[in-house]
Amino acid sequence: MKRVINFMGVRHVAFALTVLLTVASLGSLVVKGLNFGLDFTGGTLIELGYERPVELEQVRGQLVQAGFTDAVVQSFGATTDVLVRMPGDDPQLGERIASALRNADGGNAVSVKRVEFVGPAVGEELRDQGGLGMLLALGGILVYVAFRFQWKFGFGAVLSLFHDVIVVLGVFSFFQISFDLTVLAAVLAVIGYSLNDTIVIFDRIRENFRMLRKAELLENINISTTQTLLRTMATSVSTLLAVGALMVFGGENLWGFSLALLIGVGVGTYSSVYVAGTLLVWLKLTRDDLIPPVVEEEADERP
């Protein structure tokens, strides 16, 4: 047999790190909260049309110099169309921004095409529905894993996913990074990614309970994790390379999305072993837990 890595040998140190990360993240969420973006808090959407193509970084810098530091600048269709999102409901905000951009660059005419206000009530509804969707996803995963494997596996998977979500949210809360719908989408993607990694390890643990009849639980987890290590590393590294490229070249609008995925992939890979696997040890998973109950047939008492 190939060399087996003793992953569970440092499970107590990993547990201390898990508790530290989780408590710190929850503390930041309670004290600082999340810095919700305009998708959740409401604001004004301003569509601008330029005479010639313009760089988003140039527009963003011009708005900052004009005092609009909270402006979020995005491309909108053609290279001459720009979407600016700002907090507030001033009906003259669109003209003020257009005027500031004209003064900064008089050689490229700019006009206001559309001004829309998104109220905080809509943002609050999006926030509540997003949180509900995340809870429903975790609940569905618990039911799925419990039926496919066993309730101890389901409990370990959900606690692992909960840890991943809390850590990602904690980082965004601690550094007060804007939390918008793209970041929420990344958090939901992290749940799916982490679950897939956990399921692969769980499936190998269940299989090795049949193949390695004399192996204890700790040995089984170490062997199963070692056997799936190459697959885990290949998936994680390739995903991190793609996310890193997206973070560098995707622009400011996708930076929060990329950061959430970057943190989630790293934490999800860690939790698949040291949260989900450690919980199986604490719950004292045995081979008997995986044996389906015997259904006794009723005796036929007819003459």
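The pLDDT is the predictor's confidence in each residue, on a scale from 0 to 100. The structure described here is a predicted model, and the mean pLDDT of its chain is 83. A value of 70 or more is reached by 91% of the residues.

The packing of two helices was examined next. Two packed helices are described by the angle between their axes and the distance between the axes. For helix α6 (residues 151-174) and helix α7 (residues 181-211), the angle is about 145° and the axes lie 10 Å apart. The crossing of these two helices is right-handed. On the side of α6, the contact is made by F153, A157, S160, L161, D164, V165, V168, L169 and F172. On the side of α7, the contributing residues are V183, V187, V190, I191, S194, L195, T198, F202 and I205. Of the residues in this contact, 14 are nonpolar, three are polar and one is charged.

Helices α6 and α7 also contribute to the largest nonpolar core, which contains 50 residues. Within this core, the residues with the most contacts are V145, F153, F202 and I205. Two or more residues are supplied by each of α5, α6, α7, α8 (217-227), α9 (229-249), α10 (255-274) and α11 (276-282). The greatest contribution, 12 residues, comes from α7. Apart from its neighbours within four places in sequence, F202 is in contact with F149, F153, A157, A276 and L280.

R85 is located in strand β4 (residues 78-86). Its relative accessible area is 12%, so R85 is classed as buried, the cut-off being under 20%. When neighbours within four places in sequence are left aside, R85 is in contact with L38, D39, T44, L45, D70, A71, V72, Q74 and D180.

S258 is found in helix α10. This residue is likewise buried, because its relative accessible area is 0%. Not counting residues up to four places away in sequence, S258 touches V243, L246 and M247. Between S258 and G139 the separation is 119 residues in sequence and 26 Å in space, taken from C-alpha to C-alpha.

How values were computed
Residues are numbered from 1 along each chain as its sequence is written. This is a predicted model: local features need pLDDT of at least 70, side-chain atom pairs count only at pLDDT 80 or more; totals for chains, interfaces and linings use all residues. Side-chain values use heavy atoms; hydrogens and water are left out. Axes are lines fitted to C-alpha atoms, for helices over the stretch in contact, and angles run from 0 to 180 degrees between N-to-C directions. Helices (H or I, at least four residues) and strands (E, at least two) are DSSP runs, numbered from the N terminus. A crossing is left-handed if the near helix is turned anticlockwise from the far one by less than a right angle, and right-handed if clockwise. Contact means heavy atoms within 4.5 Å. Ala, Val, Leu, Ile, Met, Phe, Trp, Tyr, Cys and Pro count as nonpolar, Asp, Glu, Lys and Arg as charged, and the others, Gly among them, as polar. A nonpolar core is a set of buried Ala, Val, Leu, Ile, Met, Phe, Trp, Tyr and Cys residues joined through side-chain atoms within 4.5 Å. Buried means under 20% relative accessible area, exposed over 50%, partly exposed in between (1.4 Å probe, protein chains only).
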